[in-house]
Amino acid sequence: MWRLTCPRCGFKGEEGRYYPFCPRCGGALELEGELPKYGRLLGEGNTPLVYRRTRLGVLGFKLEYLNPSGSFKDRGTSVSLQLARDLGYRCTVEDSSGNSGISTATYAAYLGLEATIAVPASAPQGKKEVLRSLGANVIELPTREEAARFAEGLSSRCFYVSHSRSAVFLEGMKSAGQELPEDVRSVIVPSASFSLLLGIWRGARGRVRLYAVQGSSNPSLAKYLKPLAIGRSLESRLADGLVLRDAPRAPEAAKAVSESGGGLVVVSDPEIAEATKELWRTGFMAEPTSATAYAAARLLREAGVDVEGAVLMLTGNGLKLYDLVSRL
């Protein structure tokens, strides 16, 4: 059996009952016990790890953008919505700047669940069109924070995926760390809600050095960690997946990064644009948010950090944003 608990206020949920966030303090939850064992619903996970010699040395590229909906979010969404099905939910809701919503809409469509996705007005038009094509009800709000509040309001009747606070979603993300070969020592991870970073840390059982990558517009980890390297601009608008300003799991993420011996890298639009173009011309069709990992590797190398053999998490598919990529 399983239950969800809150490490911040001590809340303990009922056994077998889902909560998207702590109903007492609003914090991120943890899983106590074990969830049912779920299979790969649409073939998510087990993404290729491709090593390539670059001007930075040999790097590994984990192609998370080859997941079914085009992003790493499928790992957490698959577990979440299979649980939603088993608990009898008929609808699901998620707040998202794009990829989490597309993942939720994809798996909801497969499972026959009604999906409502709340997005900020700044979300890329191409991603909003994908959501509508998947049959999702798309609600546009002025900001990312207002989108989250809207989703919370529907959580009393619909399964709220809540990728930034859900213990169930985070449980699904552990597979990303479990798939890393034993000889991998460093991982560079684009990070906003920190579900992927913490999933890798837990799945790999703390054996890898973590480098968290954030955009210069919203470097939430800078409250806790001094960046090892910083880009040359104060804007990171190209990284639409890194817009979350106040991630509930930021303190835990900062602790994991520090304990791993890694660090924080803050990138900006000039480096993101250069990295995106270079990745595409190397055969990796990553979206700009994904390309922040390569931009960070370049900045780390310039700062004197040895990135040889590091694995870069290419988190989302650039084909969703081809209009943008083609203009870089």
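**Close-up views of a predicted model**

**View 1. Ala212 is a buried residue, with a relative accessible area of 0%.** Welcome to the first stop in this predicted model. Which residues does Ala212 contact, once its neighbours within four places in sequence are left aside? They are Val189, Ser191, Leu197, Leu221, Val257, Gly263, Leu264 and Val265. For a sense of scale, look for Ala136 as well: Ala212 and Ala136 are separated by 76 residues in sequence and by 31 Å in space, taken from C-alpha to C-alpha.

View 2. How many bridges join β9 to β10? There are 5, and the two strands run parallel, with β10 spanning residues 209–215.

**View 3. An open sheet of 7 strands has mixed pairing.** Strands of a sheet are held in pairs by backbone hydrogen bonds, in either a parallel or an antiparallel sense. Reading across this sheet, the order is β3-β4-β13-β9-β10-β12-β11. Which strands stand at the edges? They are β3 (49–54) and β11 (229–230), each of which pairs on one side only. Elsewhere in the sheet, β4 (residues 57–63) pairs with β13 (residues 311–314) in the parallel sense, through 4 bridges. Within that pairing, Gly60 sits opposite Val311 of β13.

**View 4. A second open sheet has 4 strands, paired in parallel.** The order here is β7-β6-β5-β8. Why is one side of β7 and of β8 left without a neighbour in the sheet? Both strands, β7 (137–141) and β8 (159–160), stand at the edges and have a single partner strand each, so one side of each has no neighbour there. Strand β5 (residues 91–95) is joined to β8 by 2 bridges, and the two run parallel. In that pairing, Thr92 has Phe159 of β8 as its bridge partner. Helix α2 (residues 99–111) packs on this sheet and touches both β5 and β6 (114–120). The direction of α2 makes about 170° with that of β5.

**View 5. Ser100 sits in helix α2.** Is Ser100 buried or exposed? Ser100 counts as buried because its relative accessibility is 0%. Setting aside residues up to four places away in sequence, Ser100 touches Lys73, Glu94, Asp95 and His163.

**View 6. The largest pocket holds about 610 Å³ of space.** This pocket is lined by 29 residues, and those that lie nearest its centre are Ser122, Ala123, Arg237, Asp240 and Val243. Which elements give two or more residues to the lining? They are α3 (125–133), α4 (144–154) and α10 (322–325). The most comes from α10, with 3 residues. By class, the lining has 12 nonpolar, 8 polar and 9 charged residues.

**View 7. The largest cavity has a volume of about 260 Å³.** Empty space can be found by rolling a probe the size of a water molecule over the atoms. Searching the whole structure for cavities of 30 Å³ or more turns up 1. The lining of the largest cavity is made by 25 residues, with Phe72, Lys73, Ala192, Gly241 and Leu242 nearest the centre. At least two lining residues come from each of α2 and α6 (195–203), and α6 gives the most, with 3. The lining divides into 9 nonpolar, 12 polar and 4 charged residues.

**View 8. Asn46 and Ser162 each have a positive phi.** For most residues other than glycine, phi is negative. Asn46 is not a glycine, yet its phi is positive, at about 50°. Ser162 likewise is not a glycine and has a positive phi of about 50°. Where do these two residues lie? Asn46 is in the loop between β2 (30–33) and β3, and Ser162 is in the loop between β8 and α5 (167–178). Asn46 is exposed, with a relative accessible area of 51%, whereas Ser162 is buried, at 1% relative accessibility.

Terms used. Residues are numbered from 1 along each chain as its sequence is written. This is a predicted model: local features need pLDDT of at least 70, side-chain atom pairs count only at pLDDT 80 or more; totals for chains, interfaces and linings use all residues. Side-chain values use heavy atoms; hydrogens and water are left out. Two strands pair if DSSP finds at least two bridges between them. Contact means heavy atoms within 4.5 Å. Axes are lines fitted to C-alpha atoms, for helices over the stretch in contact, and angles run from 0 to 180 degrees between N-to-C directions. On a 1 Å grid over the protein atoms alone, a cavity is a set of points where a 1.4 Å probe fits but cannot get out, and a pocket is an open set with protein on both sides within 12 Å along at least five of seven lines; lining residues have an atom within 4 Å of a point. Grid points are joined across faces, edges and corners, and a volume is the space filled by probe spheres set on the points. Ala, Val, Leu, Ile, Met, Phe, Trp, Tyr, Cys and Pro count as nonpolar, Asp, Glu, Lys and Arg as charged, and the others, Gly among them, as polar. Buried means under 20% relative accessible area, exposed over 50%, partly exposed in between (1.4 Å probe, protein chains only).
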